[in-house]
Amino acid sequence: MSAKNIFSNYTLFLFFVLGFGGCKTGQSLSSNQTDARGLKDFYKNYFPIGVAVGKRNLSGEESALIKKHFNSITAENDMKMESMQPIEGKFNWREADSIISFAAQNNIKVRGHNLCWHEQAPSWFFTDKAGKEINKTLLLQRLKAHIDAVVGRYKGKIYAWDVVNEAIDDDSTKYLRNSKWYQICGEDFIIKAFEYAHAADPDAKLYYNDYNTERPEKRERVYRLLKSLKDKGVPIDGVGLQAHWSIYEPTEKELVTAIKRYSSLGLKIQFTELDLSIYPWEKNKRAKRANESDDYTAELEGQQVAKYKMVFNVFRKYKNVITNVTFWNISDRRTWLDGYPVPGRKNYPLLFDTQLKPKKAYWGVIKF
Ligand code: GLA
């Protein structure tokens, strides 16, 4: 067989076996939902693609979707302090264990979320039996016992942990959040949490996780914290940028600047809770306004496609420092943004629709 024939036979072989999509992307298969490849396959040379789940998602059609598209999972709620240790010394492993075994059976990595946060922390943590606030020594002892138990149990099974969540204040003129943790321990709770986690599993990658991290004022306060941790030799591997974004933010420039700024500290970056709301970011609960529509119009969807394409373009460009991109929830069928912060208002922030079918934004993300 001449070299030319070998070449053309090989080309034909590739054409039939891989289909048009045998080229580097999913482009020409984009309208074909029978394509066996999922998000994780299109991104295999970039970074793992994750999703936040609960035990309820691990069977039926949602579980099939998870297995097809994702190679990393995070427990949406089941590994938070109040779920893990609702009563002092009484740990509840059931839900977390089922997530871990689902992951192991399906060759999926697990991100642990989270070890220390001011929300979803049980109130017993901060008080004694008489209900009086405890001192720093005791609070740190409790934190260590919690981290030892949780990180120890999943040693070798959870490859990265969000060690401290959201320690920066929402008020741009302030630095650290005035949480119970901060009131009782000052900045030390952050340092200690990382030290305890590192001691409990020296191989786990340890992250500080926060939101609005691309907004210039918050970015600089997060940077200040990360730098001070690095300067003190605290065992931190990276920063989790939650990426609860919207069709309005971040801009490309804000996103790129944030990636460059944080990675300049020698830290890895993970986008840990990605979704793109169709509404501007709000944190405070409020009633639905008169005439406020929650229609997912073609215009809003178009803006969302454009934003998703932009952020994934940037992610691919910075793949050398980005080690995970995780979506917060599976599909528009149920997202934490339904009714938050406006009760009764539906949101459509993800890549799969309420029927679990890929949206236009999905095709935008795999077409490159
Ligand atoms: C924060 C937390 C997550 C989750 C979301 C809302 O971003 O880090 O665990 O609670 O809020 O679902």
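So, how far does a polar side-chain atom of Trp328 lie from an oxygen atom of the ligand? It's 3.0 Å. Before I go on, keep in mind that this is a predicted model.

As for how covered the ligand is, on its own it exposes 300 Å², and the protein buries 89% of that.

Besides Lys80, Glu273 and Trp328, the residues around the ligand include His113, Trp117, Gln120, Asn165 and Glu166. If you sort the shell by class, you get three nonpolar, five polar and three charged residues.

Okay, cysteines. Now take Cys116. The closest cysteine sulfur to its own is the one in Cys185, and that's 8.3 Å away, so the two are too far apart for a bond. The cut-off here is sulfur atoms within 2.5 Å. Looking from the other end, Cys185 is in no disulfide either, and its nearest cysteine sulfur is that of Cys116.

And are those two cysteines buried or exposed? Cys116 is buried, at a relative accessible area of 1%. Cys185 counts as buried as well, with 4% relative accessibility.

Last topic, empty space inside the protein. Rolling a probe the size of a water molecule over the atoms shows where empty space is left. Here the count is three cavities of 30 Å³ or more. The largest cavity holds about 110 Å³ of space. Which residues sit closest to its centre? Those are Ser277, Pro280, Trp281, Glu282 and Leu337, out of 14 residues that line that cavity.

That's what I've got, so over to you.

Definitions and conventions:
Residues numbered from 1 in each chain as written. Predicted model: local features only at pLDDT ≥ 70, side-chain atom pairs only at ≥ 80, totals over all residues. Heavy atoms only, no water. Near = heavy atom within 4 Å. Polar contact = N/O pair within 3.5 Å; in protein donor to acceptor, adjacent residues only side chain to side chain. Areas by Shrake-Rupley, 256 points an atom, 1.4 Å probe, with all protein chains shown as cover. Nonpolar A, V, L, I, M, F, W, Y, C, P; charged D, E, K, R; others polar. Buried < 20%, exposed > 50% of the residue type's maximum accessible area, 1.4 Å probe, protein only. 1 Å grid on protein atoms, 1.4 Å probe; cavity = no way out; pocket = protein on both sides within 12 Å on 5 of 7 lines; lining within 4 Å. Points joined across faces, edges and corners; volume = space filled by probe spheres on them.
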